[in-house]
Amino acid sequence: MAKKFRSKKAVERGTNAVIYIILTIISIVWLLPFMYLIIQSLRGESGSSTMYFFPKEWTFDNYIKLFTDKTIFNFPRWYGTTLIISLCVTVIQTMIVLVTSYALSRLRFKLRKPLMNLMLVLGMFPGFMSMTAVYFILKLVGLTQDMGLVGLIIVYTASSCMGYYICKGFFDTIPKSLDEAARIDGASRQQVFFKIILPLAKPIIIYTVLTAFMAPWGEYMFASLIANGSQENFNVAVGLWQMLQRETKQEYFTRFCAAAVVVSVPITALFFWLQKYYVQGVTGGSVKG
């Protein structure tokens, strides 16, 4: 019996060792591009490529020039524009998703199921299918190029309610008896939502805020179309793409790498800071309601 137990433990240790080795290799593969960006952003030699991996000259000039040299590429303006868009979208989209999810979780009305199914089906179609129509509608009302910032905020928040599914699943896990008890005590629907449900829904609120912030932060397709020709209204994704054009790539590649590192910092910091709530929101909202 003891021999069998030791054999089982040896097999278990061997299996765990193999799993750890595989996970380590996967982690290295995932981290390698980011490490490459960091290393290249600290390279003092110009050019888009070198025959060696580590720089011969290390410098922080690429980061300094990124924020001081605005002769061709105004990165601080792009960064500020992207931050404004992401913050506005985060606030608006979070509010819309929360109220829509709560209504679909708690209220019962005739077209509730068909409406949920319709939004779920429409959400499966990629957004770029409507790019041409959206662009011409926004152009007709003057919300492209110089007014592209407002146009992008509208585009990113217009379909927010379609992201109700996970948030609704989380609200379904909160007992309805809490609502009923509060209603018996004289609380209105608004008071129940803001004073009882939302304090219990912190994980899903964090999850919604993170997903809402990340979506426009690195979005390229709609941003490049709506801000077409107006360099001052580029977001960071469109702006950084300009650094990789044939005529600028040799001179600005290392600065592009520095910009990519700077752009990744807010998302990385937010995710690590709120990771616990993010996981709780995903798992808590994954139940079917």
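This dialogue reads selected features of the predicted model above.

Reader: What should I know about numbering and cut-offs before starting?

Author: Residues are numbered from 1 along each chain as its sequence is written. The model is predicted, so local features need pLDDT of at least 70 and side-chain atom pairs count only at pLDDT 80 or more, while totals for chains, interfaces and linings use all residues; side-chain values use heavy atoms, with hydrogens and water left out.

Reader: How many helices and strands does the protein have?

Author: Helices (H or I, at least four residues) and strands (E, at least two) are DSSP runs, numbered from the N terminus. Here there are 14 helices and 0 strands. From the N terminus the order is α-α-α-α-α-α-α-α-α-α-α-α-α-α.

Reader: What does the radius of gyration of the protein come to, against a compact globule?

Author: The radius is taken over C-alpha atoms, and the globule rule is 2.2 Å times the number of residues to the power 0.38. For 289 residues a compact globule would be near 19 Å, but the protein has 24 Å. Its C-alpha trace spans about 80 × 70 × 35 Å along the principal axes.

Reader: What share of the residues is buried?

Author: Buried means under 20% relative accessible area, exposed over 50%, and partly exposed in between (1.4 Å probe, protein chains only). Buried residues make up 38% of the 289.

Reader: How much accessible surface does the protein have?

Author: Areas come from the Shrake-Rupley method with a 1.4 Å probe; for residues, only the protein chains shown count as cover. The total is about 17300 Å². Carbon and sulfur atoms hold 69% of that surface.

Reader: What share of contacts joins residues at least 24 apart?

Author: Contact means heavy atoms within 4.5 Å. Take the contacts between residues at least 6 apart in sequence: 74% of these join residues at least 24 apart.

Reader: Where does T82 lie, and is T82 buried or exposed?

Author: T82 lies in helix α3, residues 75-106. T82 counts as buried because its relative accessibility is 1%. Leaving aside neighbours within four places in sequence, T82 contacts P216, W217, N235 and V236.

Reader: Which backbone oxygen lies 2.8 Å from a polar atom of the T82 side chain?

Author: A polar contact is a pair of N or O atoms within 3.5 Å; within protein, one must be able to donate a hydrogen and the other to accept it, and residues adjacent in sequence count only if both atoms are side-chain atoms. For T82, the backbone oxygen is that of W78.

Reader: Which residues does R255 touch?

Author: R255 sits in helix α13, residues 249-273. Its relative accessibility is 8%, so R255 counts as buried. Not counting residues up to four places away in sequence, R255 touches N62, K65, L66, D69 and M243.

Reader: What is phi of Q145?

Author: Phi of Q145 is near 55°, a positive value in a residue other than glycine. Q145 is in the loop between α5 (131-140) and α6 (148-158). At 38% relative accessibility, Q145 is partly exposed.

Reader: How far apart in space are G14 and Q40?

Author: Sequence separation and spatial distance are read together. G14 and Q40 are 26 residues apart in sequence and 38 Å apart in space, C-alpha to C-alpha. G14 belongs to helix α1, residues 2-41.

Reader: Where is S188 found?

Author: S188 is in the loop between α8 (176-184) and α9 (189-200).
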